[in-house]
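Student: I have a new structure open and would like to learn how to read it. Could we walk through some features together?

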Amino acid sequence: MTYCLLLLSAVAVTAAVPVPRLLTRATWPEREPVVALWVWQCLVATVLLCCLTALALGAAAVFGTVRAQLFAPAPPAVTAAYDLSHASPWTTVLTVLLACGAAWTTAVLARELVEARRRRAGARAHLRDRAPDLPAGLPEGRGPLLVLEEEYPDAWWMPGSPPQLIVTTGALQRLTDHQLDAVLTHERGHARARHDWLLHLSAALAAGFPRVPLFAHFCEQTHRLVELSADDTASRRCGHLTTALALIELNQHRGVLSCSSSHRLLGERVDRLLEPPPRLGRRHRALTTAAASLVPLVPLLITFAPGLTALP
């Protein structure tokens, strides 16, 4: 069991520290944001699985009740292979730390979900207050598309069941029909991919563990990659130039072409649309996705290896 815990710790540290830093320096995620999002999710899943399986093994070694429950259906040879008869002091300390980490992770995820639900309820109440100002015949905040009378050009989507697209009359006046189609397709891309769940998960982990490089980079890159992914969805339907012009028109008052850090992502998105980077080949995308999908299996293989080798 000691070797299992050491291997799990090594895999978790590797996936949490050096790999994210290398991934942020790579250039291919800009070309394939969907694949990059999947790679980040697999890295996060690997670290969480390492911690969870290490917690289970450590708890089984420290607490006889947990050991009896986990290994009740297993043959005696399997239990003996894990060598759970005695727990060293460092195993006890590691188990306590992992248990605290698991409790804290659950707490920050629950807090993020509660806060997101509260913000969503407040936003919907705000929309209901503004709905009477709509032109006659438009839905009162319950249709798939809601138009708000406002000079400020804007468009966004609100998660829910079903998700709702909101666009202001300022955007309708500023954008052409094709540009409006690109903006709405961009927002529909967010809704169909359920990017809100990724954003909530990354924000909760980054807030709960700010000193873990993986979670900090995961939050930063998720906010960037979901926008690039939605841009690709819009550009495939409406064209790169139309999508870029729509982005400029919709965000020109925000300083889309500014060099300030707060608007840098908008400038990068426009440059990327005007000069699309070469995409990876289909084989490379498939190999990258398959390799990333296998990474979360590593902690499971480490955990079950002693039991599998002990079976006749």
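Student: Which residues touch the most other members of the largest nonpolar core?

Tutor: In soluble globular proteins, nonpolar side chains tend to be buried together. A nonpolar core here is a set of buried Ala, Val, Leu, Ile, Met, Phe, Trp, Tyr and Cys residues joined through side-chain atoms within 4.5 Å. Buried means under 20% relative accessible area, exposed over 50%, and partly exposed in between (1.4 Å probe, protein chains only). In this core of 23 residues, W28, W40 and L214 touch the most other members. Two or more residues each come from α1, α4 (33-62), α10 (195-208) and α11 (213-238), and α4 gives the largest share, nine residues. There is also a second, separate core of 17 residues, with C4, C50, L57 and A60 among them.

Student: Before we go on, what kind of model is this?

Tutor: It's a predicted model: local features need pLDDT of at least 70, side-chain atom pairs count only at pLDDT 80 or more, and totals for chains, interfaces and linings use all residues. Residues are numbered from 1 along each chain as its sequence is written, and side-chain values use heavy atoms, with hydrogens and water left out.

Student: What are the buried residues of α1?

Tutor: First, the labels: helices (H or I, at least four residues) and strands (E, at least two) are DSSP runs, numbered from the N terminus. In α1, the buried ones are C4, L5, L8, A12, A15 and A16. They cover an arc of only 100° around the axis, so they sit on the same side of α1; that arc is taken from the directions from the helix axis to the C-beta atoms. Exposed Y3 and V13 are on the face turned away from the buried side.

Student: And what order do the strands of the sheet have?

Tutor: Strands of a sheet pair through backbone hydrogen bonds, either parallel or antiparallel. Two strands count as paired if DSSP finds at least two bridges between them. Here the open sheet of three strands runs β1-β3-β2, with mixed pairing. β1 (145-148) and β2 (155-158) are the edge strands, each pairing on one side only. β1 and β3 (residues 164-168) run parallel, joined by four bridges, and L148 stands opposite T168 in β3.
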